[in-house]
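Here are my notes for your read-through. Keep the sequence and the model open beside them.

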Amino acid sequence: MLELKNINKNYNPGTVNELCLFENFNLTIQDGEFLSVVGSNGSGKTSMLNIICGTIPVDSGSILVSGTDIVNQKDYIRHRRIGRVYQDPSKGTCPSMTILENMSIADNKGKGYGLGRGVNKARAEHYREMLRDLNLGLENQMETKVGSLSGGQRQTLALLMATMNPIEFLILDEHTAALDPKTAEIIMELTDKIVKEKKVTTIMVTHNLRYAVEYGDRLIMMHQGNAIIDKAGEEKAKMKVDDILETFNRISIECGN
Ligand SMILES: Nc1ncnc2c1ncn2[C@@H]1O[C@H](COP(=O)(O)OP(=O)(O)OP(=O)(O)O)[C@@H](O)[C@H]1O
């Protein structure tokens, strides 16, 4: 179980740009839950992910993983149990290295081999099988530099690399936003397959309301650092895109936008 407890976060404290984003923010995510997160620009979605990953510190509060507070744990330690895929397909992979080299580095993550562990025939064959499953023909391009792949191919590889080793949390930060509709659909189907197979606790931030409604077993909507909608189970299954749009429209009117 992942628990954010009484999280407080001020950006630029003591300056004219001070922003109190989270004030006693609480969120509990069950093991194996697939949580979709929607919300307007600036509502705090990415900040929440960064707080979980440890890339930004909190002012106060706890982040409990199975009851242990990791709030002071360094980000590189937390990353051992987290796979993260970003909006930008160029993040999460190294463009000047081949597919094979990229996969080898991802495979070595958290295993303490450093860069010294080479790729033997068996490992290369294992990667080839994983790539073959994607049906993108990447298994025949293992010596191709990742920088020459299309955005969709690269994002697929980034997702595969983020999840190829056992992880406890999969963090998806608008990971389909830069893709064309067909490729985005492929990535979402692959995401769903991976989440179900690995039963990994997943947090997916998306502006695609249809994906938020169709995928996952819980949905929250963020607004000014709060979760103003939180639906799971039957309630989530019954949700429609129009329900979320209605709330979006209501809060924009309330905020005078
Ligand atoms: N490092 C930072 N320093 C100062 N302010 C920040 C920082 N990161 C985010 N913010 C501010 O915090 C607020 C929330 O930003 P955040 O990126 O978390 O929102 P978001 O919901 O992910 O938005 P979007 O949908 O546009 O990606 C914004 O007002 C943003 O300007």
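1. Glycine 83 sits in strand β6, residues 82–85. Strands here are DSSP runs of E, at least two residues long, and helices are runs of H or I, at least four; both are numbered from the N terminus. This is a predicted model: local features need pLDDT of at least 70, side-chain atom pairs count only at pLDDT 80 or more, and totals for chains, interfaces and linings use all residues. Residues are numbered from 1 along each chain as its sequence is written.

2. Why does glycine 83 count as buried? Because glycine 83 has 27 C-beta neighbours inside 10 Å. The cut-offs are 20 or more other C-beta atoms within 10 Å for buried, 12 or fewer for exposed, and partly exposed in between, with C-beta atoms placed from the backbone.

3. Set aside the neighbours within four places in sequence. Glycine 83 is then in contact with Ala162, Thr163, Ile167 and Leu170. Contact means C-beta atoms, placed from the backbone, within 7 Å. Glycine 83 and valine 200 lie 117 residues apart in sequence, yet 9.9 Å apart in space, C-alpha to C-alpha.

4. Strand β6 belongs to an open sheet of six strands, ordered β6-β7-β8-β3-β9-β10, with mixed pairing. Two strands pair if DSSP finds at least two bridges between them. The edge strands, β6 and β10 (226–232), each pair on one side only. From one strand to the next, the twist averages 15°.

5. Look at the β10 end. Strand β9 (residues 218–223) runs antiparallel to β10, and six bridges join them. Histidine 223 has asparagine 226 of β10 as its bridge partner.

6. Now the helices. α5 (residues 151–163) and α6 (residues 181–198) pack at about 10°, with axes 10 Å apart. Axes are lines fitted to C-alpha atoms, for helices over the stretch in contact, and angles run from 0 to 180 degrees between N-to-C directions. The two helices, α5 and α6, are therefore roughly parallel; that label covers angles under 35 degrees. Among the residues making the contact are Leu159 and Thr163 of α5 and Ile187 and Leu190 of α6.

7. Last, the ligand. Its shell includes Tyr11, Asn12, Gly44, Lys45 and Thr46. Helix α1 gives the largest share of the shell, three residues.

Definitions and conventions
Contact = placed C-beta atoms within 7 Å. Near = placed C-beta within 6 Å. Parallel < 35°, antiparallel > 145°, perpendicular 65-115°, else oblique.
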